Amino acid sequence: FTFAADLDSLAVGYCFEGPEYNETVEELADNIQCLEKAANDKNVDDWKYYSDDFHRIFYKHCNNDRLVTASSKVFAQMEFCSAIYEKDPKTQASIYREHKEIFREFKDGDCAGAKQLIRDHVRSDLKYALTTMADMTDEN
């Protein structure tokens with residue numbers, strides 16, 4: 001999760017400096033609206049899609065194929081736990097707030113702030129994953 005946080009931070013930085021900054025802002029704004037709608041509709045599948053897509057948007061516009069390749073391998077390994085903990089409404093609400101904060105910093109031109117927030121956000125996913133794994137162990 002720590003490496004994934006660093007990869008996300010790099011993607012944010014490359015997007016901020018790249019030629020597709022405005023497109024990234026527009027896609028993130030649409031994503032936030034879709035994420036909110038999915039949460040309001042209690043549509044877990046759509047919510048998970050848009051939550052993951054929030055991160056994919058940065059990779060789509062970072063213009064760094066090696067970073068994209070590295071991130072896809074790392075995030076594939078994290079999928080098992082996130083598929084479980086992202087079903088919890090309280091966790092969803094926390095992730096949604098974090099996504100909105102990251103978006104706000106990015107849109108407002110605070111690259112360092114957005115990079116730090118996305119690092120913190122992905123690192124908080126580690127806490128959710130550890131709790132999920134502990135709960136699974138307790139059940140067995």
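**Figure 1. Helix α5 spans residues 89–107.** Helix α5 has 19 residues and reaches 26 Å from its first C-alpha to its last, close to the 27 Å expected at 1.5 Å a residue. The model shown here and in the other views is predicted. Buried residues of α5 include Thr-91, Gln-92, Ser-94, Ile-95, Tyr-96 and Glu-98. His-99, Ile-102, Phe-103, Glu-105 and Phe-106 of this helix are buried as well. After α5 comes Gly-109, which has a positive phi, near 90°.

**Figure 2. The second largest pocket has a volume of about 210 Å³.** Its lining is made up of 13 residues, and those closest to the pocket centre are Ala-39, Asn-40, Pro-89, Gln-92 and Ala-93. Helices α2 (21–40), α3 (44–61) and α5 are the elements that each give two or more residues to this lining. Helix α5 supplies the largest share, five residues. Sorted by class, the lining holds seven nonpolar, two polar and four charged residues. Gln-92, named above among the residues closest to the centre, is also one of the buried residues of α5.

**Figure 3. Phe-16 and Tyr-21 form an edge-to-face aromatic pair.** The whole structure contains six aromatic pairs. In the pair of Phe-16 and Tyr-21, the ring centres are 5.4 Å apart and the planes stand at 85°; the pair is therefore edge-to-face, as planes over 60 degrees apart are classed that way. Phe-16 has a relative accessibility of 25% and so counts as partly exposed. Tyr-21 has a relative accessible area of 18%, and is therefore buried, the limit being under 20%.

**Figure 4. Tyr-21 and Phe-106 form a tilted aromatic pair.** The two rings lie 5.0 Å apart, centre to centre, with 35° between their planes. Tyr-21 belongs to helix α2 and Phe-106 to helix α5, so the pair ties together parts that are 85 residues apart in sequence. Both Tyr-21 and Phe-106 are buried. These two residues belong to one aromatic cluster, which also takes in Phe-16, Phe-54 and Phe-58.

**Figure 5. Ala-112 lies in helix α6.** This helix covers residues 111–139. Ala-112 has a relative accessible area of 58%, and is exposed because the cut-off for that class is over 50%. From C-alpha to C-alpha, Ala-112 and Ser-9 are 9.1 Å apart in space, while in sequence they are 103 residues apart.

Note on methods: Residues are numbered from 1 along each chain as its sequence is written. This is a predicted model: local features need pLDDT of at least 70, side-chain atom pairs count only at pLDDT 80 or more; totals for chains, interfaces and linings use all residues. Side-chain values use heavy atoms; hydrogens and water are left out. Helices (H or I, at least four residues) and strands (E, at least two) are DSSP runs, numbered from the N terminus. Buried means under 20% relative accessible area, exposed over 50%, partly exposed in between (1.4 Å probe, protein chains only). The expected span of a helix is 1.5 Å times one less than its number of residues. On a 1 Å grid over the protein atoms alone, a cavity is a set of points where a 1.4 Å probe fits but cannot get out, and a pocket is an open set with protein on both sides within 12 Å along at least five of seven lines; lining residues have an atom within 4 Å of a point. Grid points are joined across faces, edges and corners, and a volume is the space filled by probe spheres set on the points. Ala, Val, Leu, Ile, Met, Phe, Trp, Tyr, Cys and Pro count as nonpolar, Asp, Glu, Lys and Arg as charged, and the others, Gly among them, as polar. Rings of Phe, Tyr and Trp (its six-membered ring) pair if their centres lie within 6.5 Å; planes under 30 degrees apart count as stacked, over 60 as edge-to-face and the rest as tilted.
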